[in-house]
Amino acid sequence: MPAFTATAPGKIILFGEHAVVYGRPAIAVPVDKVRARATIVADPKGEPGSVKVQAPDVGFDGELAAIPEDHPLAGALLAVFEEIDLERVPACKVRITSTIPIAAGLGSGAAVSVALIRAMAAFLGFPLSSERISALAYKVEKIHHGTPSGIDNTVVTFHKPVYFIRNKPVEILRLPKPFTVVIGDTGITSPTAAAVGDVRANWQADPGRYEILFDAIGEIAQEARRMIESGQPDAIGPLMDDNQSCLSEMGVSSPELDRLVEAARGAGALGAKLSGAGRGGNMIALTSAQKADDLERSLYEQGAKMVITTLVREVGEFHND
Ligand code: PMV
């Protein structure tokens, strides 16, 4: 019985989180060292329409019908069934696993959705385009956190560095010179919806101040794009520091994030900032390849629960494997 497997990478936001929800540009890149993996096999002995789901990371093992429809796992599979409009789904077994930390700003929710959607569409014999997969994963993102910008599902689906503006066609970033980023996890889970909701409340209370911050972040993202695309990635270090200052002012950093950001700078990083929704989750630091080990050590010493070093580069589109 052939198995249909799809994987999807984690992601980090290099520039522009939060401001991207308000129409400013952001830059995100895939992180290949962590992944979600979905495998689907036909279940010849199963009743027609039976979909058995194993999701050991969240302790679920049972029929899809037992998962509430507004749960993201169900949301991803039901989105495919709706898209393909089959009368009845052939009996099958779905297994989903992920090495991406949950609620840490590494896009675990989007990666799980994309892997499930890609694998299920392939199993059903209707492989979907990346545009459609991303659109379906976006629907599921809305279940997770209300007003997502769409950046997570986009970068994870296309599996390439992206320059992203909400409701605009995705732009793939040219990246003539790869660069090294060290990711440090505070180990503090921070639901995206809560941080995004607080920023919204603050923006509503003081729109003038927040619009200025969003504009500043948007300009930083534009400048970073110019530097990356012209082969000067080292020049984005100071822009990361500026972006971090804006995020701190917006109230989405935290003492733990600040400590790791400072540790990275102290160990020779060219720039550092939180990545994702903030309040917890991950920070990122730009470094020369030679200093990556020093940075890793320093981040662990200052309390990081996990550190990943990743080479940011242009990568090919991701397919089923
Ligand atoms: O899912 P996270 O934690 O990487 O955060 C997503 C980035 C935000 O800009 C805060 C929200 C969004 O939808 O773009």
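Are Tyr22 and Phe214 buried or exposed? Select the two side chains to begin the tour: Tyr22 is buried, and Phe214 is buried as well, where buried stands for under 20% relative accessible area, exposed for over 50% and partly exposed for what lies in between, with a 1.4 Å probe and protein chains only. Keep in mind that this is a predicted model, in which local features need pLDDT of at least 70, side-chain atom pairs count only at pLDDT 80 or more, and totals for chains, interfaces and linings use all residues. Residues are numbered from 1 along each chain as its sequence is written, and side-chain values use heavy atoms, with hydrogens and water left out.

**The aromatic rings**

Stay with Tyr22 and Phe214, whose rings form a stacked aromatic pair at 4.4 Å centre to centre with 15° between the planes. Rings of Phe, Tyr and Trp (its six-membered ring) count as a pair if their centres lie within 6.5 Å, and planes under 30 degrees apart are called stacked, over 60 edge-to-face and the rest tilted. This pair links distant parts of the chain, since Tyr22 sits in the loop between β1 (3–15) and β2 (26–42) and Phe214 in helix α6, 192 residues apart; helices (H or I, at least four residues) and strands (E, at least two) are DSSP runs, numbered from the N terminus.

Tyr210 and Phe214 both belong to helix α6 and stand four residues apart, about one turn of the helix. With Trp203 also selected, you have one aromatic cluster of Tyr22, Trp203, Tyr210 and Phe214.

**Helix α5**

Now select residues 192–205, which make up helix α5, and colour Ala195, Val196 and Val199, which are buried. Looking down the axis of α5, you will find its buried residues within an arc of 95°, so they line one face of the helix; the arc is that of the directions from the helix axis to the C-beta atoms. What covers these buried residues includes α6 (207–229), with contact taken as heavy atoms within 4.5 Å. On the face turned away from the buried side, look for the exposed residues Gln204 and Ala205.

**The open sheet**

Finally, select the four strands that form an open antiparallel sheet in the order β9-β10-β8-β11; two strands pair if DSSP finds at least two bridges between them. Its edge strands, each pairing on one side only, are β9 (271–275) and β11 (306–312). Five bridges join β9 to the antiparallel strand β10 (residues 282–287), and Leu274 has Met283 in β10 as its bridge partner.

Notes
The expected span of a helix is 1.5 Å times one less than its number of residues.
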